[in-house]
2 protein chains.
Amino acid sequence: MRSTHMNSERQVIAVDVMGGDEGISSVIRGIELAIKLFPNEIGGLVLVGDEATIKEHILHRNSVFHSVDLEIYHASQAIDMAEKPMHALRNKKDSSMFRAIELLKENHVTGVLSCGNTGCLVAGGTLKLGVMPGIDRPALATVIPAPTNHFVLIDVGANPTTSAKSLVHNALLGTLYYKAAIDPQKDPRVGLLTIGTEEGKGSETICTAHGMLKKINGEIRYCGLIEGFQLFSNEIDVVICDGFVGNILLKTIESLAETIKNYVKSEMRKNPLRMLGAFLAGGAFRAMKRDLTADKYGGAPLLGLNGVVIKSHGSSSVEAIAHALRLTFRLSKMSGEHFLNNTIEKVNLLIE
Amino acid sequence: MRSTHMNSERQVIAVDVMGGDEGISSVIRGIELAIKLFPNEIGGLVLVGDEATIKEHILHRNSVFHSVDLEIYHASQAIDMAEKPMHALRNKKDSSMFRAIELLKENHVTGVLSCGNTGCLVAGGTLKLGVMPGIDRPALATVIPAPTNHFVLIDVGANPTTSAKSLVHNALLGTLYYKAAIDPQKDPRVGLLTIGTEEGKGSETICTAHGMLKKINGEIRYCGLIEGFQLFSNEIDVVICDGFVGNILLKTIESLAETIKNYVKSEMRKNPLRMLGAFLAGGAFRAMKRDLTADKYGGAPLLGLNGVVIKSHGSSSVEAIAHALRLTFRLSKMSGEHFLNNTIEKVNLLIE
């Protein structure tokens, strides 16, 4: 492995190509699509995994992969989607996921993308890279596409149980991510998700976090407690919750949107009149696909670590992987950590 | 107040008409609609609230309300939507909600319907009626309409924090409710909602509850841990979770479905071609409204109490209130409690 990567401003991303429910093939095709779609944004690539398998997969895509600065880094093991983090940390030292993280730790690359096991990525990333000063635990963020405003949901699964302080940190990390992924010019409106907007509603953790967030309102734009039915009404840009609620919510939102889409599609095909109608109104459905697809934000960054680590959904489509790779390059370019370091220190003093 | 109601098999429901975000008017119109739509299912009614206001509201609807056995029970107070349960219990002794519950406790009626403050209904119902033998805390259940199979979600807000044992009880109560509201002939498939289906995923409470549920698999049809994206794929009929997750999920699902519907509608109106298409395909949209509307299940029963108490959503439409009233009559007719009493005893022995 050359270590010249960090000599310049150039970004190099290590991709753990062995993870993912769909296997190496969809990851490779996702990278290929990213190179085609975003030629100016994709820098250097290190594909981490079984060398022979990778070579076999990129062989007949040589033309595309030759256009980028590409290396293969051999790792003899892969982590299963069902593997427990502790088991993986002990037994999968030469896994593509952990090797990719180590390349980042040793500054050979500037970011990591993985479609693999979330728990192992959180555990491996936290142990190997460490958390940012002042942050207790990392959080997974994601963007939910909504017709009126796309919003950040954080945490979607890094920490199933959380503390009030971690929820406050999620507000900071979520604000940073909103600026990176959606709009750098906007101070996003932050809301704490609970079951009623009256003071005192929800758990004790929620009430404590609510009090803390009110105290740091100068650092972020805190708008108070929010309920489930406020998510899609353009009131909030960053939604804070624990990883248990966020993970269930993310998966439910994705599958409900998909379900309604399929339902409308099948109803539209039930007779010729409807089919004609669907044909004439086709633009509306294409707009829906464009505005409401999650693929554009296929990556969920593991925020709060010393380094850029992006998780692409396990069931990621080729398109989602392409966008996740672009996101990894973008975040790796940002120097958001510097902004955050000062803020976290200040915030921790305010809430302690 | 006559107390002859219980002499026969006839059902009499006390309706707390003062609760609800929309005020007494929509509750009265909901009752009127129920009488028109389900003349054979609506028995006796006791409208609880300010007598003068009620009389004023039903005055020009005399023809409909004369067709049923109706009484007005005066209560001088109403509970606000933002009121804290402890405050209400101390200061709103003559509120329509608590008076309605007392009528049930004293056997003057066979069930209660309220659109009011959920926290106060849970607290008042639990204190005044008491929980069923063997049950620790009541739970709010609701039916979520999905294209392939409608399912029961329990708890949607009675207990924001829960115990493993309460989750097991929710499985029993949810099974009972599925049979009452959806299909009496089917043994519903029960799933415990968490963030991954591998053993050991989720919180400690989830893991303990999962172990307990496996033990009582003969009493209910337990199918194991489920994730958010399995809700709409016809795998599960009863989804168990705590009231924090359930409440957020219910509100998110309702508002997302509404958001997509409105989005498609507005896209369809953007040009004449699309409008023509929408007109031709109108049947598909009507089918969607018919299949996916939550109004049909406007009531959320507070299960596990000694008595039938139904909560209609605070923002209930007139249609939802009408269906909630029918549901109250149906549940009041069922003798489910007897089935449940034996089961709960058996289950508690198995899991302790």
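In chain A, strand β10 and strand β11 (residues 309-312) run antiparallel and are joined by three bridges. Strands here are DSSP runs of E of at least two residues, helices are runs of H or I of at least four residues, and both are numbered from the N terminus. Two strands pair if DSSP finds at least two bridges between them. Within this pair, A:Gly299 has A:Ser312 of β11(A) as its bridge partner. The hairpin that β10(A) and β11(A) form has five residues between the strands, and in it A:Gly304 takes a positive phi near 100°.

Before I continue, a word on the source. This is a predicted model, in which local features need pLDDT of at least 70 and side-chain atom pairs count only at pLDDT 80 or more, while totals for chains, interfaces and linings use all residues. Residues are numbered from 1 along each chain as its sequence is written, and chains are lettered from A and ligands numbered from 1 in the order in which they are written.

Let me return to β10(A). On its other pairing, strand β5 (residues 139-144) of chain A is joined to β10(A) by two bridges, and the two run antiparallel. There, A:Leu140 stands opposite A:Leu302 of β10(A).

How many of the five residues of strand β10 of chain A are buried? Five of the five, residues 299-303, are buried, so the strand is largely enclosed by the rest of the structure. A residue is called buried if 20 or more other C-beta atoms lie within 10 Å of its own, exposed if 12 or fewer do, and partly exposed in between, with C-beta atoms placed from the backbone. In a regular strand, side chains alternate between the two faces of the sheet. Accordingly, A:Gly299, A:Pro301 and A:Leu303 point one way from β10(A), and A:Ala300 and A:Leu302 point the other way, all of them buried.

Strand β7 (residues 189-193) of chain A is also mostly covered, with five of its five residues buried. From β7(A), A:Arg189, A:Gly191 and A:Leu193 point one way, whereas A:Val190 and A:Leu192 point the other. β7(A) pairs in the parallel sense with strand β8 (residues 221-226) of chain A over four bridges, and A:Tyr222 in β8(A) is the bridge partner of A:Val190. With strand β9 (residues 238-240) of chain A, β7(A) pairs in the parallel sense over three bridges; here A:Gly191 stands opposite A:Val239.

I turn now to the sheet as described in chain B. It is an open sheet of 11 strands with mixed pairing, in the order β3-β2-β1-β4-β11-β10-β5-β6-β9-β7-β8. Which strands are the edge strands? They are β3 (70-74) and β8 (221-226) of chain B, each of which pairs on one side only. Within the sheet of chain B, β4 (residues 111-114) and β11 (residues 309-312) run parallel and are joined by three bridges, with B:Val309 in β11(B) as the bridge partner of B:Val112.

Next, chain A as a whole. It has 13 helices and 11 strands, and its C-alpha atoms fill a box of roughly 65 × 60 × 40 Å along the principal axes. Of its 352 residues, 52% are buried.

Finally, the two copies. Chain A can be laid on chain B with an RMSD of 0.0 Å by a turn of 180° and a shift of 0.0 Å along the axis, the superposition being by least squares on the C-alpha atoms of residues with pLDDT of at least 70 in both. The two copies are thus related as by a two-fold rotation axis. In chain A, the C-alpha nearest that axis belongs to A:Gly277, 1.7 Å from it.

Where the chains touch, 48 residues of chain A and 48 residues of chain B take part; a contact requires C-beta atoms, placed from the backbone, to lie within 7 Å. On the side of chain A that touches chain B, α9 (243-268), α10 (272-280) and α11 (282-292) each supply at least two residues. The most come from α9(A), with 19 residues. Of the interface residues of chain A, 98% are also interface residues in chain B, so the copies meet through the same surface.

Key. Contact = placed C-beta atoms within 7 Å.
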